[in-house]
Amino acid sequence: MEIRTDLALEAREMIDEKRSGSMKRNHALPEGMQVNSRETEYMTITNIDITSEAAEKTIGKKRGKYITIELKNPELNTIEVQEGVSKVLADEIHQFIAALGKKEPEIMIAGLGNWHITADSLGPKVIDKIVVTRHVKNMENVEIDGRLGSVCAVSPGVMGITGIETSEIIRGMISTVRPDILFVIDALASRKASRVNTTIQISDTGIIPGSGVGNHRMELSKEVLGIPVIAIGVPTVVDAMTLVRDILEKAGIRESDDILKEAEAKGTEEMVVTPKNIDIAIERMAAVISNGMNLATHKGFEIEEINDCLLYTSDAADDLTRV
């Protein structure tokens, strides 16, 4: 049975699971793959760099950088933990922006997903909390805080609602706005229930909209759009067949082929599972990611100032409209 995961960290773990002997004990890596981890009080941060075709084929992920932030506590249940994760996320995002080498780059943020489905609404909910400034910075006779960068944001919806491929919408916007970098936020799928809503992945390889629920669309990547595309995703679902397999393994049932085949025959392979507290988890993750994005794209702010900025930039545009 094919195990589906969008996380490079889990694809890396599956390499060891398929091996035996000293290679497994030593966590031997394919040539062209580097893995480094560090820990803080609340989280583990793992960097995976894939630089060769051989490593790309072995792990099943595109060449590039993958950064995974894993919570040690399964929930973002305190302000202190949320702020800690946001600051780590901001540091990682800032490195991608700094690599552009521009004093004030034009930044576009796209929140992918369907706001009508809770497990797929992460992207749109993040966009609701982004400090957007491009409209204000392009206005004459409007004074704004010099620490604010130039940021625009969009939630393009899904093809089932718009009838248009997400990549087509984004491509059209990029041709007009001409941003220097695109960040895309989307829901992902994990192979472990423990990582659902507790893990954030950042990568510079782009993203395929809908991959979290197995509904693959045209990809958003530098190769397709012509600008750097940084994907930020959170696993909000786990494949039902993968969950069945993990439960059987934990129960010590090794000869499980018949059970898995029966589950497949009943259509279980078409199902994904999400926790019952998904609404709360999505709200918390949306707040964490939006705070991280805001801290990275606007210089010198503290988290408590972000909400003031949301009101400030909105009011500045409204004032000019009334004039």
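A pocket is an open set of grid points with protein on both sides within 12 Å along at least five of seven lines, and its lining residues have an atom within 4 Å of a point. In this predicted model, the largest pocket is lined by 20 residues. Asp6, Lys61, Gly206, Ile207 and Ile208 lie nearest its centre. The volume of the largest pocket is about 420 Å³.

Strand E7 (199-203) and strand E8 (229-239) each supply at least two of its residues. E8 gives the most, with three residues. By class, the lining holds nine polar, six nonpolar and five charged residues.

The chain as a whole contains 13 helices and nine strands. It has 323 residues, and 50% of them count as buried. Contacts between residues at least 6 apart in sequence were also examined. Of these, 72% join residues at least 24 apart. The chain exposes about 16000 Å². Carbon and sulfur atoms supply 49% of that area.

Arg178 is found in the loop between helix H8 (166-177) and strand E6 (181-190). Arg178 counts as exposed because its relative accessibility is 62%, and the cut-off for exposed is over 50%. Asn197 lies in the loop between E6 and E7. Its relative accessible area is 8%, so Asn197 is buried; the cut-off for buried is under 20%.

Notes:
Residues numbered from 1 in each chain as written. Predicted model: local features only at pLDDT ≥ 70, side-chain atom pairs only at ≥ 80, totals over all residues. Heavy atoms only, no water. 1 Å grid on protein atoms, 1.4 Å probe; cavity = no way out; pocket = protein on both sides within 12 Å on 5 of 7 lines; lining within 4 Å. Points joined across faces, edges and corners; volume = space filled by probe spheres on them. Helix = DSSP H or I, 4+ residues; strand = E, 2+ residues; numbered from the N terminus. Nonpolar A, V, L, I, M, F, W, Y, C, P; charged D, E, K, R; others polar. Buried < 20%, exposed > 50% of the residue type's maximum accessible area, 1.4 Å probe, protein only. Contact = heavy atoms within 4.5 Å. Areas by Shrake-Rupley, 256 points an atom, 1.4 Å probe, with all protein chains shown as cover.
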